[in-house]
Amino acid sequence: MELTPEQRIELHGFNNLTKSLSFNMYDICYTKTKEEREAYIEYIDEEYSAERLTKILKSVSDIIGAHVLNIAQQDYEPQGASVTMLVSEGPVVEVPTESYNESPGPLPGSVVMQLDKSHITVHTYPEYHPSEGISTFRADIDVSTCGEISPLKALNFLIHSFDTDIMTIDYRVRGFTRDKDGHKLFIDHNISSIQNYIPEEVKNEFDMIDVNIYQSHIFHTKCRIRDFDLNNYLFGYTKEKLDPEEVEEITERLTTEMDEIFYGTNFESV
């Protein structure tokens, strides 16, 4: 049943629905030597330090209208970082109509909604294969909210906050709330696909697959970068310094790695 914003506001008490967004991104790189691998990990640790991740999550809290109650952040040895924020209702009390639409959310700049106690977390996972020459960086971001606003409104900003080759995005609405007549509402906004919250210019850069369970309010979208330029995956040099056989071999290794992550399965070597 399609509801208008006016109908959505007429609830019995607070909106008790929990809306959870999981955003997983992968960056792939070819590192031929031990020195290249160590340099890549050092670059990633600096580029996505706990301090920078905290700034990203603070912007997310602004977008969903949250007030930060507590921040725990940690840089790990030898690599990786984590940040967890406990957030609560923000100062905005009006419900903007736009927050109900299936559309890309804003970049930082305006607070759009309120919510009650919830949390935002990010964890990073740099790793490499010592013999295959492949290094990967994964970041997992979870945004869980209660109240009117959907954390999907933060997705556009998150996509623009990371350099990514592959994205896995999950969205789920749990629990129920009641309208003023006592009827249960198991979801308070219309959604047909996570893709509707991603800008067209981003969608044009990726191949995308949806796996949705509409009756359970579970949505899943996988994205793989469409255009492959080997120079974007070499660390510290360009393909002009490689012979044709190396270019072919490295390209095959990288594209296989990306396909395996995208499809979630190992491919047998031919």
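Q: Leaving aside neighbours within four places in sequence, which residues is Ser82 in contact with?
A: This is a predicted model, so keep that in mind as we go. Away from its own stretch of sequence, Ser82 is in contact with Ala50, Ala72, Gln73, Gln74, Tyr76, Val122 and His123. Ser82 itself sits in strand β3, residues 81-89.

Q: Is Ser82 buried or exposed?
A: The idea is to look at relative accessible area: under 20% counts as buried. Ser82 comes in at 10%, so it is buried. Its side chain also has a partner, with a polar contact of 3.4 Å to the side chain of Tyr76.

Q: What joins Glu77 and Pro78?
A: Omega is the angle to check here. The two are joined by a cis peptide bond, with omega about 10°. Pro78 belongs to the loop that runs between β2 (66-75) and β3.

Q: How do I read a helix, and which residues of α3 are buried?
A: Now the case here. Helix α3 covers residues 50-63, 14 residues in total, and spans 20 Å from first C-alpha to last, close to the 20 Å expected at 1.5 Å a residue. Its buried residues are Ala50, Leu53, Thr54, Ile56, Leu57, Ser59, Val60, Ser61 and Ile63. Ala50, by the way, is one of the residues in contact with Ser82.

Q: Where do positive phi values turn up?
A: Just after α3, Gly65 has a positive phi of about 75°. Then there's His217, which is not a glycine but still takes a positive phi of about 60°. You'll find His217 in the loop between β9 (206-210) and β10 (218-225). With a relative accessible area of 17%, His217 counts as buried because that is under the 20% cut-off.

Q: Let's turn to pockets. How many residues line the second largest pocket, and which lie nearest its centre?
A: Ask about space, then about lining. This pocket holds about 300 Å³. Its lining has 17 residues, with Asp27, Asp163, Thr164, Asp165 and Asn232 nearest the centre.

Q: Which element gives the most to that lining, and what classes of residue are there?
A: That's α2, with four residues. Both β1 (18-30) and α2 (34-47) supply at least two residues each. By class, the lining of the second largest pocket counts ten nonpolar, two polar and five charged residues.

Methods:
Residues are numbered from 1 along each chain as its sequence is written. This is a predicted model: local features need pLDDT of at least 70, side-chain atom pairs count only at pLDDT 80 or more; totals for chains, interfaces and linings use all residues. Side-chain values use heavy atoms; hydrogens and water are left out. On a 1 Å grid over the protein atoms alone, a cavity is a set of points where a 1.4 Å probe fits but cannot get out, and a pocket is an open set with protein on both sides within 12 Å along at least five of seven lines; lining residues have an atom within 4 Å of a point. Grid points are joined across faces, edges and corners, and a volume is the space filled by probe spheres set on the points. Ala, Val, Leu, Ile, Met, Phe, Trp, Tyr, Cys and Pro count as nonpolar, Asp, Glu, Lys and Arg as charged, and the others, Gly among them, as polar. The expected span of a helix is 1.5 Å times one less than its number of residues. Buried means under 20% relative accessible area, exposed over 50%, partly exposed in between (1.4 Å probe, protein chains only). A polar contact is a pair of N or O atoms within 3.5 Å; within protein, one must be able to donate a hydrogen and the other to accept it, and residues adjacent in sequence count only if both atoms are side-chain atoms. Contact means heavy atoms within 4.5 Å.
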